[in-house]
Every structure is written in structure tokens, then in C-alpha cells.
Amino acid sequence: MSKKHILVGISAIIAFALTLPVAAQNEATVFEEVIVTASKRETTLQEIPIAVTVVSADVLEKAQVHDIKDLQSLVPSLRVTQLQLTGNTNFVIRGFGNGANNVGIEPSVGVFIDGVYRSRSSSALADLPNLERIEVLRGPQSTLFGKNASAGVINVVTAKPDMDEFGGSAAITYGDYNQFILKGDVSGPLSDTVGFSLSGSLNQRDGYFTDLTNGAEYNEHDRWGLRGQLLFQPSDKLELRIIADTEEVDEACCGVANLVNGPTGAIVQLIGGQILPEAPFSRSQFFDFAPVNEIKNSGVSLQADYDFGSATLTSITSYRTQRKFENADVDFTSARLIQENSGDTDIDTFTQEIRLTSDGSGAFDWMIGGFFFDEDVTVDNVLTYGQDFRNYADVLTVVLGGGTPGLDPSPLNFLEPALGLPAGTFFAPGQGRFEAFTQDNQAFSVFGQLDFHMMDDRLTLTVGANFTEDDKDTTANMLVTDVFSSLDFIQIGAGLIFSSLTGLAPTPANFALVPAAFGAAVALSTVPCSPSTGPACNSLLALQPLQFMPPFLNYPNAVESGRSKEDDVTWTFRLAFDATENVNIYAGVSTGFKASSWNLSRDARPSAADLGAINAAGLGLPNLNAGSRFAGPEEATVYEIGLKARFDRASINLTIFDQEIKDFQSNLFLGTGFFLANAGKQSTTGLELEVNYAPVDSLHLSFSGTFLDPKYDSFPNGEGVNGPEDFSGTKVPGVHEVSLNLSAVYSFEFGGSGSGYVRAEYIYDDTVPIIENVPASVASREVNTFNASIGVEWGSGYEAQLWGRNLNNDDYLLSAFPSVAQFGSFSGYPNEPRTYGLTLSKRF
């Protein structure tokens, strides 16, 4: 999006805004005032000078948004992608965000539920409880929300217990794919000073992705949750809110489709495996075992608010646990290439926030506070070869060596006896990696914010700052039993070449006896074979791509401490002006910070600098190459100008921004592992627009649009389709330049006491390549989706709702990647097909 387009958009919106008061005079107010807590104090959506989208409980219900993953259909700036497992879900705002596929990578988008930070995306995916609203804050929010909010915040606010009367609701949903959802909540007073609420949900659904091997269905739902609250109000000054919750997920998820069936597909079939080639939207594939996703989240929190009169003291204390076990077939064929790819993760998190907030009655408002975070992470992973991998490797080594499968013997059958190893040693079933990682993370921050009110409160200057320190201690202990990957083919090749030149055994004594031949052998040992080299080469180098699990150097060690410690000061400077009673404008700049993320996986490698020291210290291992153990901190900056207007029959929110993240933490899958690195700089210039308009009382029209120009300003160490690539100056894949949401709600009454509505919604995202290392011709995404619902309510509290999502069966890919250990093949995740259902509920 060019600056010219931005200026045209600003002019058009301002002109439209100035005409609205005339058209809206003397009309009854249709849109209710929206209260938000995005700035950690209650204010109206129109007054808050922050780019924030608020989605009410009523809209969530009518749009059939069941969890945070579905929220993206209502917020164009938000993208939520579920990958190969239920817990591998990534939140992105304005094209910025990460945190999936590695428990060591905390998200750039912070999720808060009732003031409590959820440190991992898989701990924020439960069916939404009894909601009041969801606030999506766009851009860096580190000044008030601390670390890991460098891209934005999703702030979920649930209803407090009712202190006046008993009430509640119950709802049952039945939909296609045998979907069954049961929800209920009850709330009321226990005494004059104590209230309670209890809610629960059960969500089950068959899968829509078919395992062609046995007919099983994946991408199912099978989850439940319970949540209880106690609210104490012993006086007008003190309020205590206790929340306890538990939830479980036990699902077979997620299906992966073949996008390009490369040369290895024929090898899979040759050894007896099956693969459905290049039919992603059949939503079916051959697998050799069912995926397992078992997630248990639980926690308790206490919020205490004490009103001193001129200020309010707030304390939020929480303790949360997550237990997660996952296992998935990562080759996505019926061949038993992988026997197990499991992860067992335990996360224990303690947080404490305390803040003192002025009452807002003076010439300036202020807030000071602090936040403490303490988390222990334990990860145990297992990756082992299956019974078919040796046959697969036999054929693949023939191909890599330039031979013909079925005619030429496998080099592995010659190499084993040459090294004195029993037949069948290489790639034996059960060989692999057995990993144990830990991470202890402590962080604290202190923050403050001042709002100076001037010009009879029409002009407000806001300044704020946050100091954050983050300290991580990590350990890695791994046992690698893959014999083939431990071989040094340069050293072995030098010995074999020496023997071919001299007829002597490759021993140190013989090397010394014929030094010229030994020198020639060493020189040739690094020369790959090709038609131009003839026999003067090392044929074993062609086997190196099959060394999937090389030895791993555990840490801490004499060179690597396994520790990172950083601190940063983030800040906010903003001016807000009440142009008229209905129109507010603001401009500001804010910064954000995200601490280092550790690669708690088998793909972690020492840095190039550390590798030299490791070899010098005698700690080097065969095939130990340079990479990264962690990605350094992210630093974000955003410049924004905005307009917020609210009239009797219309409201407009407009934001124009220029946002960048330096050292953005990129985690890219390369086919055999993940590459975690800092992109030098990623930036986005954009415009966000939200318009609500009610031409008559019974019809509400809404438009939301996000227009972005995302690019890598600097990313010299990227990984493209053909290997290392400099992405500097290129567009950021996976980030749509245009995202739109249009909806209309028509309300009606019947029978004196009955009411109803009809809602229709259209979602559009323009075409974009999905990811750097998959060709755009293979994996691009465009979204054109229609959702709709119709509901009726009787005066007795009974309601019925008929709904459908993706009614036009729009097909698109969520993400894509190079197929695991299958060179030249690509895989991807297709979206959810059309779903529909009927919800019956009763309020009392």
C-alpha cells in the first residue's frame, strides 16, 4: 500500500466523518458505549487512544466463535494458524507474531485472560467461558503489559459473579460431523458480600480429515472445561476475585496433505507405502498411526482491589500448570518411516502483578506497578526410525549415488561391512534421539504511566515507560543412537581413498608410511562426485543428506552456559485530542520488547563463534555444524495516528501506522528440522479501518479492513526454496496486504415478546505466498468465505440459533512446508470445510 493510497484513504474517511453528525442529528442512539480495560483502567472505546478492536459477547455468540482461534474471522488484523498439533497454534497481529512449534519460543502476541498472562498459545485455546468482551490491542504493548507483547495483546474479559440475583444459562449445539457442544453457567449471591459463578463446557466433534489407511477421521474436537469464581465485597473499598479453572483436550489432530509429490513419493510406493498425491482439499491422506494430542491446563488466580479514595491498589496473583503429551506421524504416508515423534511437556507458571492507579479526578492521571514472572519448563522428546526407514534409505542412497533403484545395490550394504558393522545397523527401528530440555525463566518489570489533561481536558499527553529484565537458564541432555548420522564421511572417505591408492589399510602407521598418498586422499575427501570429477572424488559425500540425526552437544558445557539475561526499557509517548464531542484523534509512538527465545529442540546448534571454541576445547563431535541455540531479543517500534468517531447511528475507528520489529525471531521448518534465527528487520506500513452504521434501528452494518505493506528490510540469513537466501527488501510471505470483514445484522420482533435476527458475514484476504521456502506456485492463499446465522428468542428466555461457517466451502491453505525427509516434496494444512449446526439455549 503506497503513501498515496494512505492519504486518499485518510481524506475520504475524514470527509465521511464530517458529514455524519449532520445526518445523525436528533436521532436516538443506536450504538451503546463500549467500556474497555486495554489501558488497565476503565475507559470508553472512543476515548482510549490505542488501536484496539473490541468484540462483544453478543457478536461472539451470533458469529459462533467458540475459541480464540475463531476470533480472526472478526478481526482482520489478527491471524491465528493451527499447525500439525492442537497445541501448535500461532497468533499474528499486523503480520508480526511467532511462538508455535517450539516450547522455548514464547509468543510475540500476549494473551491475557482476566488479567492473567498465558505464556503459551496452547494454554489459551479452551472454549471461551462466560464472556463480556475480547479486546485485541494492535502494535507493541510492552509499556503496560511487559515482555512478550511486542506485536500486540489479546485481552479476554469474562463476567464477574452476579451479586444481586441468581441466574444462568444452558445451551446445547448439534452440528455436522456429529458436533455436540454443551455449555452451562450459573451465578448468584451466597450472601450480601459474597457471589459465585460456575461454568462448564463440553465440545466434541468428529474429524473432517480422513486417514485413508484405516478410515479414521482427524481434526476432531474432544475437550471439556470447568471454571469457578468467588467474588468477595466485604466493604465498599475492598473486592477480592478468586478464579479456578481446569480444562482437558484429547484429540486426534491434525491432518496434513501432500501439495507436491516429488521424487521420494515413488520411493515410498516402491517400499510398499501409500501417499495421496497433490489433492490437498480432498482432506485425506495415508498415515501409519493416529496423532495424539493430550493437553491439561489448570490454574488459580486472586485479584484484590482496594480503593484508597484517590487511588486504587490492584494485585493479581496466579499459578498455572500445563501438562501436554503429543505424538504425530511426521512423514504423512502409510510407510512406517517414523516409529515415534513424541513430546512430553510440563510448564509451571507463577505470576504476580501489583499496580497503583489514580482515580482520574485531577489534572493528570497516573499509574505505577510491577510484574514478576517465574516459569519452569520441562520437555522430553523422542524421535525414532520406523521399520520401513531402512528400505526407504536403501533406495534413496541408490538415487543419491546416481544409480537405478531395483538394479543397483544400496551403498549402505557395502558400507556396513567395510566399517566392521553388522548388516542392518544403519537406520534400525528404534534408533533415534531421546531428548531432555529444561528452562527456568524469571523476569520482572516495573512500569509507570502519566496522563496530562490540558485545554479543559480536550488534549491529553500520555507518557509511559517500562523496565524489564528477563533471565533464562536452559539445559539440554540428548542421547542419539542413530549410527549412520554419527559417521564422519570426510574422514571415512579419506581412509577409503587412501586404500584405493595404496592397497594399504587406513591406519595411522600406513598414513605415515605413504604421506603423499595420504595427503592426496585428504584433499580428495572433500570433493563431491560429479561427471566432471571422474573417480577423483569422495562418493560418500552423497550420503550426507541422509544424516538426519547427527550427534548433539549437550549444554551447559565448558563453552556454552545455556543462559541468557537481558533488560530493556520500553516507552510510550502519545497525544490525544477531542476534536469535537464525537470525534477524537490521536498520534503517538510506542516501543516493545521480547526476550531471547531458546531453541528447545533437536535442531539447536552452537553459534559459529562458539563452535570454534568448542572444537578448540576438544568438545567437538562428528557432523556438529554451526547454527543457533537461541534467537536474540526483539525490539519493536510503532508510529501511529488515529481517529475515533462515535455518532448516534455510526462509529468509525481509523488507524494509520508504521511498525517495525528489529531482530524478529524467525522459526522456519526446512524439511528435516527448524531454523531459528533473527531476521534483521521486518516492517509494515498500514491502515486499519472499522466502520459501524445503522441506517435504521433494525439493521446494523459493519466493515473492518486492514491494508498492509509488509517487507523484510533486512533478512540476509534466510532460508528459501533452494537453500540460504537473502530476503532483504522482499515482501513478507503469509501476510495479506488486504483483509476485509463485512457483516450485516437484521433484527426483528414477533408475537409481542419474541425477537430475532439474521446475520451474514463475508471475509476476504487477498492472494499471498504462504512461506519463504515453498514456491508461491505451490502454496499461496486467498480467502473468500461466507458465514451466516439466524436466531430467535422468546420472552421466556428460550433461544434457537441456526448457523453456518464457510458456507461456500472456500478452500485455502493455512500453512505449508517442505515434506519431512522427502526431498522435492511439499506438504500443507488445508482449512476447515463448511460446518453448520443448531444451538438451543435457555437463560434464567
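Colleague: What does the accessible surface of the protein come to, and what share belongs to carbon and sulfur atoms?

Modeller: About 33300 Å², with 58% of that belonging to carbon and sulfur atoms. Accessible areas here are Shrake-Rupley values with a 1.4 Å probe, and for residues only the protein chains shown count as cover. Keep in mind that this is a predicted model: local features need pLDDT of at least 70, side-chain atom pairs count only at pLDDT 80 or more, and totals for chains, interfaces and linings use all residues. Residues are numbered from 1 along each chain as its sequence is written, and side-chain values use heavy atoms, with hydrogens and water left out.

Colleague: Why is Cys 537 called buried, and why is Cys 529 called partly exposed?

Modeller: Buried means under 20% relative accessible area, exposed means over 50%, and partly exposed lies in between (1.4 Å probe, protein chains only). Cys 537 has 9%, so Cys 537 is buried. Cys 529 has 39%, so Cys 529 is partly exposed.

Colleague: How do you know that Cys 529 and Cys 537 form a disulfide?

Modeller: A disulfide is a pair of cysteine sulfur atoms within 2.5 Å, and these two sulfur atoms are 1.9 Å apart, so the pair qualifies. A torsion of about 85° about the S-S bond of Cys 529 and Cys 537 makes this disulfide right-handed.

Colleague: How many disulfides does a search of the whole structure find?

Modeller: Two. Another disulfide joins Cys 253 to Cys 254, S to S 1.9 Å, and both of these cysteines are buried. The torsion about their S-S bond is about 90°, so this disulfide is right-handed.

Colleague: What makes a set of residues a nonpolar core?

Modeller: The members are buried Ala, Val, Leu, Ile, Met, Phe, Trp, Tyr and Cys residues joined through side-chain atoms within 4.5 Å. The largest such core has 42 residues, and those with the most contacts inside it include Phe 389, Phe 427 and Phe 484. Contact means heavy atoms within 4.5 Å. Phe 484 touches, among others, Leu 415, Phe 427 and Leu 546, not counting residues up to four places away in sequence.
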